[in-house]
Amino acid sequence: NDLVYLGNRDTINGAIKNWKERLITQDDKSLKLFAESLYQKLWFPVVEKLMGERVIIVPCGSLFYLNWETLPSNNDTGTFLIHEYNISYALSFNILFSDNNKTSQGDIIAVAPGFEEDIKQQYQTQLDSLTTPDEEFLLTVRQPWSLKLASHLEKEFTSTSYTGIKATEVNVKASIQEGSILYFGTHAIANATDPLRSKLVLAKEIGTQKEDGYLHAYELYGLPLQAELAVLNACESGLGNLQAGEGMISLAYSIHYAGCPSTIMSLWKVDEKISTQITKDFLNYLAEGYSKSEALRQAKLDYLNAAQPNTAAPFYWGGMVLMGEDGEVSFQHKNRDWYIYVGLTLIIILFLYFGRNRIKK
């Protein structure tokens, strides 16, 4: 193994901070300069040692905030590292090389509250005069694209969807332990000072409130998940608190600790329409037999190939990353079974038709 000195830690931390600030504010001109600087500091010193296009990064410190795919290629074509490399991430070397033979066969579990006005009104209507409304829930922004994706998954795959008022904490806790793929199209609230209190926002129960409507990181720790993959289409679901020896303690970390070996998570506030489109294409590629990393990369490249110049910046497509174990996930389109049944039915009809004519003759 080769060790390569990349430079002073404080200098690298400052460069990543500057890059992230320009990315979030979409200051494209300055972003390009800081991204090129990060390329020279972090990628160029090791590029000659890489063998092939598959790269797995085990980040530490501020490197958890960086998606290396978004760094520019070392050419003048305006392309990024994603065009040349298939990059994913692991929480630690122990996890990276651990044996995991999980091959669950459960449904896709899709959770998408949507936060339309009707579920907020139902929640408010059933409150009595002494109950203080949850303003954090009432101020959530609508997520129509997540609702559409959950509906698509239920039509295309063997899937169970919890949308709107059904996306309660009680329903989610009762079902996600059996799913093979978990999809959360919702809002996340990160808590940097107390990462175990970071949470996914769900729908409020109507009637007796058994739960508060928030799936906290500390609650995820206690759920024995069977899933091979969790997709968190929730802003900053990969962010939390950096702890020595543990890395980034976040919602994604909690899901891994609960038994799910890989997570698609977000490193910044993602655009809902774009992230759901990338997720939809990612799952389609996954169903075709692509590995998790290959499927996500191809979905992003498809987006980039079709994007307008103003939405091709890394801010729009680079927030989602794969953290954890790579590999294929076994599941199929519902439509494939439908075609089989229709084909067999047609064969039987034709057999009966020609058999009948033969008897008549």
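Me: Are H6 and H10 roughly parallel or roughly antiparallel to each other?
Reply: In this predicted model, helix H6 (residues 144-156) packs with helix H10 (residues 272-287) at an angle of about 15°. Angles under 35 degrees count as roughly parallel and those over 145 as roughly antiparallel. H6 and H10 are therefore roughly parallel.

Me: Which residues of H6 make the contact with H10, and how is the contact made up by class?
Reply: On the H10 side, the contact is made by Glu272, Lys273, Thr276, Thr279, Lys280, Leu283 and Asn284. From H6 come Pro144, Trp145, Ser146, Leu149, His152 and Leu153. By class, the contact has five nonpolar, five polar and three charged residues.

Me: Is Phe115 buried or exposed?
Reply: Phe115 sits in the loop between strand S3 (108-112) and helix H4 (117-125). Its relative accessibility is 0%, and the cut-off for buried is under 20%. Phe115 therefore counts as buried.

Me: What is the phi of Gln26, and where does the residue lie?
Reply: Most residues other than glycine have a negative phi. Gln26 has a positive value, and this residue is partly exposed, at a relative accessible area of 33%. Gln26 lies in the loop between helix H1 (9-25) and helix H2 (28-43), and its phi is near 55°.

Definitions and conventions:
Residues are numbered from 1 along each chain as its sequence is written. This is a predicted model: local features need pLDDT of at least 70, side-chain atom pairs count only at pLDDT 80 or more; totals for chains, interfaces and linings use all residues. Side-chain values use heavy atoms; hydrogens and water are left out. Helices (H or I, at least four residues) and strands (E, at least two) are DSSP runs, numbered from the N terminus. Buried means under 20% relative accessible area, exposed over 50%, partly exposed in between (1.4 Å probe, protein chains only). Axes are lines fitted to C-alpha atoms, for helices over the stretch in contact, and angles run from 0 to 180 degrees between N-to-C directions. Angles under 35 degrees count as roughly parallel, over 145 as roughly antiparallel, 65 to 115 as roughly perpendicular and the rest as oblique. Contact means heavy atoms within 4.5 Å. Ala, Val, Leu, Ile, Met, Phe, Trp, Tyr, Cys and Pro count as nonpolar, Asp, Glu, Lys and Arg as charged, and the others, Gly among them, as polar.
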